[in-house]
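Please open the structure in your viewer and keep the selection tool at hand.

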Number of protein chains: 2
Amino acid sequence: MKLKVYADRMSQPSRAVIIFCKVNEIDFEEVRIDLSKRQQFSPEFKEINPMGKVPAIVDGRFKLFESHAILIYLACVFPGVADHWYPADLFKRVKIQSVLDWHHTNLRQGAAKYVLHTTLAPAFGLPLNPQAAAEAEKVLSSSLSKMESFWLKGSGRFLLGGNQPSIADLSLVCEIMQLEVLDENDRSRILAPYKKVQQWIEDTRQATRPHFDEVHKILFKAKARLQKQRSMAKSSETQSSLKTTLPSKL
Amino acid sequence: MKLKVYADRMSQPSRAVIIFCKVNEIDFEEVRIDLSKRQQFSPEFKEINPMGKVPAIVDGRFKLFESHAILIYLACVFPGVADHWYPADLFKRVKIQSVLDWHHTNLRQGAAKYVLHTTLAPAFGLPLNPQAAAEAEKVLSSSLSKMESFWLKGSGRFLLGGNQPSIADLSLVCEIMQLEVLDENDRSRILAPYKKVQQWIEDTRQATRPHFDEVHKILFKAKARLQKQRSMAKSSETQSSLKTTLPSKL
């Protein structure tokens, strides 16, 4: 029976798992769990992941959730996966584990919350929250700074000084890619100080093409849609401010 | 050269690593990094963990931080560690990984933040924050509920239905044990609905005795000190309210 990957490409860990499967030519079926329709809370999906989150996999009788655990499982169970993704060498392996653990309580907390509180909240019926966004930005910038100065300090192009990407590169790059949905000025301002991080995003993209671009397409569509909404909101603001201003000038 | 464990027993992941070493008779040197003196930010410790967090280890030339990564490393590199802590079987291993990943973004977020915002903030020069505490309590209760209904649903006494503890049991139990420093009414209220969780704490304690109790001593001392402070604050409140009330009655 084919591996089933339950995912929504709008979710960053879902994208990491899908790209991993495609790059490594793992034969799988992608089952869309539409987060905007709250399908992750359906009784059927709760049978697969009672936590109501994507991604999750079913491989034969085996069920698993949490994207890092899934990436480790896939790297170990499919013999065609190259060693650099999750090296057999214990010392390399636990260093990757260290990056993945750090990711949970640093980069993920900053990036996901910043995007939620500045941009995506209305889609979930929540108000934008500038104070929570400011706090998340601190965590995000501190995380990017640590990536620049520590995780990318080696001579190689990838995290931990590697010459080829590991599951940590894929997981972290998908986290950062969600910043694409931000207002472009915001995104540039946040990423601008981190030249190595920018180069590493491009290197990881190149190393996983064409799947990286294909799986991120949904994000670029959302980016365009949100940008259009922002322009319309701005132009209607200008018009209404013109309306308010003009009569007094007439 | 002996394994060095840089830790502060007031930190829950530090305790998990120290208990693991002791239970498994790993020969190690415990190096205290006193968080209350901000020693984690000293230049010497930053050489070991540039993130400025405990625990961290140095094993010969090899440095590592992030407690889950450390536990995995120790379980793999020391031949005397029993298989149940981190089974060689891939399917069991990635399920443990799934619990550990879940821990980062659920139980840890709830427990650590609740304790910080209700109890420990003043020790770090911060004000208590009832709103943040209320949000953290939601995450904490939801996490305990998931432990009760899912992670502890098997027939065994430990997480994932195991008959013996894994590194996930140790990591999560140390997280929950920090609730000891709370006001006892608060702690009872939070844990009361979760009978399986309570039994599992006791079972994990029994399985790792006497080290569990010894390593948690510092927490019980802190609990007693905080309880005394609370009683004193309460009695001085009563006295000052008596003072305010009495004159008007005289």
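**The interface between the two domains**

Between domain 1 of chain A and domain 2 of chain A, the count of salt bridges is zero. Please bear in mind throughout that this is a predicted model.

To see the two parts in question, select residues 3-81 of chain A, which the domain assignment gives as domain 1, and then residues 86-211, given as domain 2. The C-alpha centres of these two domains of chain A are 20 Å apart. Where they meet, domain 1 of chain A contributes 15 residues to the contact and domain 2 of chain A contributes 17 residues.

Next, display the surface of both domains. Together, domain 1 and domain 2 of chain A bury about 1500 Å² between them, and 72% of this area is on carbon and sulfur atoms. On the side of domain 1, select Q12(A), H68(A) and I72(A): these residues lose the most area to domain 2 of chain A, and together they account for 38% of what that side buries.

Now turn to polar contacts. Six residue pairs, with both members at pLDDT 80 or more, are in polar contact across the interface of domain 1 and domain 2 of chain A. Then select α1 (12-23) and α3 (67-77) of chain A, the elements that give two or more residues to the side of domain 1 touching domain 2. Of that side, α1(A) gives the most, with eight residues.

Finally, colour this side of domain 1 of chain A by residue class: nine residues are nonpolar, three are polar and three are charged.

Conventions
Residues numbered from 1 in each chain as written. Chains lettered and ligands numbered in written order. Predicted model: local features only at pLDDT ≥ 70, side-chain atom pairs only at ≥ 80, totals over all residues. Heavy atoms only, no water. Domains from an automatic or database assignment. Contact = heavy atoms within 4.5 Å. Buried area = accessible area lost by both parts, 1.4 Å probe. Salt bridge = Lys/Arg side-chain N within 4 Å of Asp/Glu carboxyl O. Polar contact = N/O pair within 3.5 Å; in protein donor to acceptor, adjacent residues only side chain to side chain. Helix = DSSP H or I, 4+ residues; strand = E, 2+ residues; numbered from the N terminus. Nonpolar A, V, L, I, M, F, W, Y, C, P; charged D, E, K, R; others polar.
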